[in-house]
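Biologist: I would like a close look at one part of this model. Please take me through it residue by residue.

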Amino acid sequence: MKLLLSVLKRTYTPAVCTSRRRCVSSGGSGLLRRRDETLVVGSSRELVQRLGSQVEVRTGFITEQEEGALMREVEPGLKKKRYEFDHWDDAIHGYRETERERWGEACEEILSRVRSVAFPEGSPLLGPVHVLDLDKTGYIKPHIDSVKFCGSTIAGLCLLSDSIMRLVKEDATNEWLDLLLPRYSLYILRDQARYNFTHEILKDEESVFNGQKVSRLRRISIICRNLPG
């Protein structure tokens, strides 16, 4: 899967607005509340509210047993590959990857759930599912997925580890969101969040969410995309 790299050097100040996904607003505070945890923090209340419908984190989207089923399908192929610490466009460090078109019945049911919640009905999808395996020391640098190959929506299942995804506006690096991606969760990026913001997965030593350390282990993401249209 070709990626368009856009490397940005910047310093982040503490978040001034937090969002707890898939829930109701608490008055005029700009804080969206969920019973379990805060999942999104941002550089401003306005940005969090503006991108609220375009950035989604669904915790517990798969179970431990479903993660196991996915791992049993992808692990044999991944084990044949070595972790790479450079990338053709310098977008990823410490990774191995593959694409998969055919899945067993249990995994196909999981992917059907992903497609049903992430993509508009009838949206043409990119055929192969992208499987990206990050070593514990690996990370994904800021990039925007190539518009030649990917449409308006990216959806990824998060296996084996919690992690932090950072989105930064390509032409205004002081505008940013951090997404906490718990193990077993599904993240969805749509429209402006997908086209106008770089996204990255932070390395372990930088993995701090809203002031709290989030330890990064080996992480596998199973990523679905729709076609440009």
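Is leucine 132 buried or exposed? And which salt bridges can you show me along with it?

Modeller: A word on the source first. This is a predicted model, so local features need pLDDT of at least 70, side-chain atom pairs count only at pLDDT 80 or more, and totals for chains, interfaces and linings use all residues. Residues are numbered from 1 along each chain as its sequence is written, and side-chain values use heavy atoms, with hydrogens and water left out.

Now leucine 132. Leucine 132 is buried, at 4% relative accessible area. Buried means under 20% relative accessible area, exposed means over 50%, and partly exposed lies in between (1.4 Å probe, protein chains only). The residue sits in strand 6, which spans residues 129-145. Strands (E, at least two residues) and helices (H or I, at least four) are DSSP runs, numbered from the N terminus.

Look at its neighbours. Leaving out residues up to four places away in sequence, leucine 132 touches Ile92, Tyr95, Arg96, Glu97, Ile140, Arg219, Ile220 and Ser221. Contact here means heavy atoms within 4.5 Å. Take glutamate 97: its C-alpha atom is 4.5 Å from that of leucine 132, yet the two are 35 residues apart along the chain.

Next, the salt bridges. The whole structure holds 17 of them. Each is a side-chain nitrogen of Lys or Arg within 4 Å of a carboxyl oxygen of Asp or Glu.

Start with arginine 113. Its side chain meets that of glutamate 66 in a salt bridge, 2.9 Å from N to O. Arginine 113 lies in helix 3 (residues 105-118) and glutamate 66 in helix 2 (residues 64-79), so this pair ties together parts 47 residues apart in sequence. Arginine 113 also forms a salt bridge with glutamate 109, at 3.0 Å, N to O. Those two are four residues apart in helix 3, so about one helical turn separates them. Arginine 113 is partly exposed at 22% relative accessibility, and glutamate 109 is partly exposed at 39%. Elsewhere, salt bridges with shared partners join Glu75, Arg96, Asp133 and Arg218 into one network. Arg96 is also among the contacts of leucine 132.

One more pair. Arginine 50 and glutamate 175 meet through their side chains in a salt bridge of 3.2 Å, N to O. Arginine 50 is in helix 1 (residues 45-50), while glutamate 175 is in the loop between strand 8 (163-169) and strand 9 (176-181), so the pair ties together parts 125 residues apart in sequence. Arginine 50 is partly exposed, with 28% relative accessible area. Glutamate 175 is partly exposed too, at 23%.
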